[in-house]
Amino acid sequence: MIPFIVLISALSNLYLGLLVVIKRPREKVARLFFLFTLSAAIWILSNFFWLVFRDLFWLRFSYSAGVIFAFCGLWWSSEVCAIRHSRFYFVFYSVGLALFAVAPIDGLMVQNPTEVFASGFKTEGGPFFIPYAIFMSLTLGYILSLFFRAYRRERGVRRIQIKYVFVGSILFVSFVMLVDFIIPALFNYFLLATLDAPGSLILIALTTYATLKYRLMDVQVLLRKGFIYGMIGLFTYGTFHLVAWGFLSVFGTLWSYSALTIELFVALAFSAALPYANRFAIHIANRYLYANIYNAEEAFKRLTDRMAAIVDLHKLASAIVSTINRTFTTEKIAFVLTKGEVRVLRQQGFNAKQLHVVKQELTSL
């Protein structure tokens with residue numbers, strides 16, 4: 001079960017990074033985020049291959065991959081937080097490259113494991129493990145400090161975006177430092193080492209939430225569609241294994257005449273259930289991921305048809321505001337005329353003080 005969760009963690013990192021870079025390929029922060037998620041996926045996959053194949057190459061490579069993950073994490077967080085520290089980077093690169101080089105050498109980072117379990121392995125740390133643990137802990141801690149400083153500096157939606165990434169980073173980094181570095185360094189106990197990968201799902205979840213609700217990296221529609229496809233895929237995957245398990249329990253095979261006959265009816269039932277599963281996934285996405293993504297095009301088409309028949313400006317404003325609010329589940333929306341005197345014809349979610357500020361800002365333009 002743990003190797004499967006590790007694999008899901010790697011693929012989730014890679015998927016989110018691909019969505020961002022496909023949506024915004026020319027922006028530096030998007031490219032760096034893709035490198036960060038790619039490095040995380042490689043780091044996690046090295047753990048997966050180690051658990052599956054038990055080849056020492058993958059165990060040693062996982063420590064080198066950890067250095068690359070730290071590099072990419074620092075690049076991305078520095079770009080997001082708009083902070084530069086060139087002197088620190090020089091020291092960071094020098095130490096990191098040295099540890100990257102020694103990690104694959106037998107016995108320098110960890111000794112040959114005597115036993116391997118789903119969550120870790122029995123071994124002893126090599127002479128470079130403590131420097132490696134200190135380097136990774138300081139680097140990850142420094143990344144957290146960047147997000148904290150950015151959170152204190154930013155205001156408005158930007159502050160909220162940083163907050164979710166910061167909280168996710170705290171939970172993920174704390175977990176990684178505990179199971180990968182602190183416990184092994186203090187107690188020579190590596191039995192929890194491969195549990196760091198599932199911890200990345202926390203960071204992925206909160207980064208995804210910030211992206212969906214607060215447009216952190218402007219990939220909401222792609223991400224919501226991916227969520228729906230993922231739910232359909234899980235439904236199909238789960239149904240297949242449930243049916244296979246049931247048939248093997250009852251018939252002992254999937255290929256007997258009786259099994260094949262019943263499988264035909266199961267296939268028809270699955271085909272009938274699939275549209276309902278799709279509608280359920282869309283309902284969940286629309287309700288909890290903050291936008292009616294599949295109805296947006298149709299909603300605006302109907303709005304365009306209505307606008308052609310509306311001559312009253314207040315009715316037009318009401319139609320536009322209600323359509324946008326219903327389609328995108330907005331928290332605040334207003335229809336404002338700026339020609340001559342600034343007038344708010346229709347609004348939802350603003351209080352009197354906020355409307356006054358909006359009018360002042362528009363008047364000053």
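Rings of Phe, Tyr and Trp (for Trp, the six-membered ring) pair if their centres lie within 6.5 Å. Keep that in mind for the exercises below, and remember that this is a predicted model.

**Exercise 1. Find out how helices α2 and α3 are arranged relative to each other.**

Start with the general idea: two packed helices are described by the angle between their axes and the distance between the axes. Here, helix α2 covers residues 28-53 and helix α3 covers residues 56-81. They pack at an angle of about 160 degrees, and their axes are 8 Å apart. Now bring in the cut-off: angles over 145 degrees count as roughly antiparallel. So α2 and α3 are roughly antiparallel to each other. As for handedness, α2 passes α3 in a left-handed crossing. And what sits in the contact of α2 with α3? Its residues divide into 22 nonpolar, six polar and two charged.

**Exercise 2. Work out which aromatic rings link up into a cluster, and classify the pairs that phenylalanine 33 and phenylalanine 36 make with tryptophan 76.**

First, the overall tally: a search of the whole structure finds 29 aromatic pairs.

Next, take phenylalanine 33 and tryptophan 76. Their ring centres are 5.0 Å apart and their planes are at 55 degrees, so this pair is tilted. Phenylalanine 33 lies in helix α2 and tryptophan 76 in helix α3, so the pair ties together parts that are 43 residues apart in sequence.

Phenylalanine 33 is at 2%, so it counts as buried. Tryptophan 76, at 3%, is buried too, and so is phenylalanine 36, at 9%.

**Exercise 3. Describe the surroundings of phenylalanine 121.**

Locate the residue first: phenylalanine 121 is in strand β2, residues 121-122. With 2% relative accessibility, phenylalanine 121 counts as buried. Which residues does it touch, not counting those up to four places away in sequence? They are Trp50, Leu59, Tyr63, Pro113, Glu115, Val116, Phe190, Leu191 and Ala193. Look at Phe190 in that list: phenylalanine 190 is 69 residues away from phenylalanine 121 along the chain, but their C-alpha atoms are separated by 5.5 Å.

Key: Residues are numbered from 1 along each chain as its sequence is written. This is a predicted model: local features need pLDDT of at least 70, side-chain atom pairs count only at pLDDT 80 or more; totals for chains, interfaces and linings use all residues. Side-chain values use heavy atoms; hydrogens and water are left out. Helices (H or I, at least four residues) and strands (E, at least two) are DSSP runs, numbered from the N terminus. Buried means under 20% relative accessible area, exposed over 50%, partly exposed in between (1.4 Å probe, protein chains only). Contact means heavy atoms within 4.5 Å. Axes are lines fitted to C-alpha atoms, for helices over the stretch in contact, and angles run from 0 to 180 degrees between N-to-C directions. Angles under 35 degrees count as roughly parallel, over 145 as roughly antiparallel, 65 to 115 as roughly perpendicular and the rest as oblique. A crossing is left-handed if the near helix is turned anticlockwise from the far one by less than a right angle, and right-handed if clockwise. Ala, Val, Leu, Ile, Met, Phe, Trp, Tyr, Cys and Pro count as nonpolar, Asp, Glu, Lys and Arg as charged, and the others, Gly among them, as polar. Rings of Phe, Tyr and Trp (its six-membered ring) pair if their centres lie within 6.5 Å; planes under 30 degrees apart count as stacked, over 60 as edge-to-face and the rest as tilted.
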